[in-house]
Amino acid sequence: MENANQNVLARLHLGAILPLLEDIAAFEQQVREAVKDWNVTLQFQLSGGDPATALTFKQGVVKAFPGGVKGPKVTLTFKDARFLNEVFQGQSKKSPRPGLLGLFHLKKLLALDKVLGRLEYYLRPSEELLQNPETFAFCVHLNLYALAFGVKIVGEHDPEMEPVVDHLPDGVLEVRIVDGPAAHVGVRQGQLFAGRGPAEKANAILEFADLDTAWALLQGRLDIYAAVGGERISIRGNVPLLDGINPLLDRLSMYLA
Amino acid sequence: MGKEERELYTFTRSKELFARAVEVIPWGIYGHMSPTLQVPGSFPYYTASAKGCRYTDVDGNEFIDYMCAYGPMILGHNYAPVEEAAAAQQAAANCTNHPAPVMVELAEYLVDLIPVADWAFFAKNGGDVTTYSLLVARAHTGRKKVIMVNKHYHGVAPWCTSLGHGGITPEDHLNMLHVEWNDLEGFETLVKKHRGEIAAFIAQPYHHITYGKQELPAEGYWQGIEKICREEGIVLILDDVRTGFRLHLGGSNEYFGFKPDLICFCKAIANGHPISACVGRKELMNSASKVLYTGSFWMSAAPMAAALATLKTLKETNGVEKIKRAGTMLMEGLEKLGAQYGLEIETSGTPGLPFMHFKDDPDYFLQQTFCAEVTRRGSFFHPHHNWFISTAHEDKDIQETLNHAEAALRAIKNKM
C-alpha cells in the first residue's frame, strides 16, 4: 500500500475502528471487568499529533474522542502510519511509545493489547462467533458503525475521492436494518459527518431486510443492485445522495479488506 | 386490506425471474433499466408483450407506457408500417458483407429533413455517436479539451461517466471541462481560460437530468453559446439522443433556435430498432473522414429501413404536434389533480418528454410513493427519470392515466 493510502488507513484505525471500543465495552462484561479500575485518558496518535483519538476509561465505561483531547494522561505515539496500521492489524510485536506519564501506567498498557484485541475479534469474527445470534447481531452492529465512521474519513482524506465528495449533494443518509441498529452519514457543504443511530431527519434511507443481508454487504459479498431489485435492500428518498456516497463505500472496503 | 388495495398489481413472476437473473447476470438487470432506479416491489421487471402505447408484463399486468422503452417507441410499440419495412429489409438482406442501398437512402433523407445536416454517419447506440462526435471535433480542430454540462448524460463511455463508478479513472477525464447548465458566463470564462485548447462543447438541448426538475434554456443561452463557439473555433455538438424527433423533426436546435455543427440522434429514430446517427455540417465532413470508427452491426440494413419508415411516418402524420397535444393534456391534468388534492404538482420539461414532482418533496419520498401507486394501478410512471410520450397516446389513454393518478392521490391522502 502506498504511503498516502497508509495515512488514510491510519486515520481509519484511529477514527473509525478505535472508537468502537465504546460499543464493545458496553456489550462485553469481560472488557468492562478488565478496565473497571482504570481511570485514565489514553490518547493514540501519530507522531505530530494528527490524527489522534483519545479513549477515556472510567468505572468500566469507555468513551472515544476522535481528534483527541487536550492534556491526556497517557499518550501513545506511533512513529508513522505504517507502524500504526501494523499494530492495529496485529502484524507488529513492537508497541507504540508511551510518553513519560505513561510509564506510571505500564500495567494498564500491558493489558491494553488484550482490550484492543477485541476490536479484531468482533470486526473479523470467527465462524463460531457468527453462529451465535447475539454476537452475530453485535458484529453487524459494530461493522455498520465502522462503515459510517469510515465513509466520513475516506471522504475527507482520500485524495482520489475528492472529485466524488465535491459533487455530493447536501443531506443525511440513514443506513438501518429492519428491527436492528442504524447509523447515518451526512454531507453539509462538502463536509462529511457520521453518527450512531438513526438520523434526526434522513434525506435518504438505505434499509436492509435483515442482519444476513447487511452482513453480506458489509463483507463486500453482495451485489447491491441485485439485492435492491430482490427487495433485500430498500432505498428511498434522495437516491443521488446514496449514489454519491456509494463510491466512498467501495473505497472504504478497499482499505478494510 | 380494502377492495382497491386487493386490486393493485402484484409482480410475483417478475420477482421469480429476477431471482434467477441475479444468479447469472450482474445487477440482475443492469444499467438504466435496473429496478434500483424505480421502487422495487411496485414496478414490473420483465415485459411479455407490447402494442401501441401499452405493454403487458410477465404477470399479466397491463400498463399505459410513459417511458416508451426510455424513448425509442415514438410511434408506439409494434407500429405496423415500421415493422413491415424492417421485416422486408430483413428478408432481403440485413447483415452481409456490404451495406444495403437503404443506408444511402436514409442518409439522404436525414440530410433533407435536418437543416444543419450535410452528411450522416450511423452506429447503434447513443453513446456510440456522442463519442464519435468528440473524435470528429478533435480531428477537425486539432485540440483535445471538451466542455460538457454538469449532470448531462451522454452515455457510459469513460469520458462521460462520473468518477466513482467501477473502472473509471481520473485520467479518463483529463480533457473534460465542466460548466453548469444555463451558465453562459461560466462557459465564456472557461473558454477564455483555455483559449485555443477546446475542441468542442457538447450538451443536451435542455437540462433533462435524472433526479431533478427539467430546465429549459434561458433566453439567449443557446444563441450565446453558438456565438462564442463560432468566434473561438469550437465545434458545437448537440446531444439530441433523448429528445430527438419529439420537439422538432429537424433537430431540437430548430425548436430552440440555434445551429450546432454536429447532432447526435438515437432512441426515437427507428421506433425501437437499434440504430443511432450523427449528422453534421459539410465543413466537418472531411474531418469526419479521418476518424476510424465502426462496429460489427453498424451497417445492418433492417434498422435503417425501420428508421426511414419511422421518420417518414412522423413527417406525414405530423407526429410532433400529436405528441405535444397528448403530453400537454397529461401535464395539465396532473397539475390540476395535485391542486385538487392539496398536494401541489409541478410539471417540467417539454410535452413530449414531460416530468413532474411535488412542490414540497425535495427528497422524492412522496414522488416515489405516488409513482408506485400509479404504476400499480396501470400507468407506468418512473419516479426519477423524465417520461416519454408517443403518437400512440390518445386522449382516452391520457384520461385513463389521470384516473389512475387521482386514485393514487386519494390513497396517499387517506394514508396521511
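## A tour of two contacts

Start where the two chains meet: this contact draws 21 residues from chain B and 19 residues from chain A. Keep in mind as you look around that the model is predicted.

Stay on the chain B side and select residues 12-24, then residues 365-375. These are helix 2 and helix 12 of chain B, and each of them supplies at least two residues of the side that touches chain A. Which helix gives the most to this side of chain B? Helix 2 of chain B does, with 3 residues.

Now colour the side of chain B that touches chain A by residue type. You will find 13 nonpolar residues, 7 polar ones and 1 charged one there.

Next, move over to chain A and give its two domains separate colours: select 3-124 for domain 1 and 128-256 for domain 2. The C-alpha centres of these two domains of chain A are 25 Å apart. Where the domains touch, domain 1 of chain A brings 14 residues and domain 2 of chain A brings 15 residues.

Zoom in on the domain 1 side of that contact. Select helix 1 (3-17), helix 2 (21-27) and helix 5 (106-123) of chain A, the elements that give two or more residues to the side touching domain 2.

Note on methods: Residues numbered from 1 in each chain as written. Chains lettered and ligands numbered in written order. Predicted model: local features only at pLDDT ≥ 70, side-chain atom pairs only at ≥ 80, totals over all residues. Contact = placed C-beta atoms within 7 Å. Helix = DSSP H or I, 4+ residues; strand = E, 2+ residues; numbered from the N terminus. Nonpolar A, V, L, I, M, F, W, Y, C, P; charged D, E, K, R; others polar. Domains from an automatic or database assignment.
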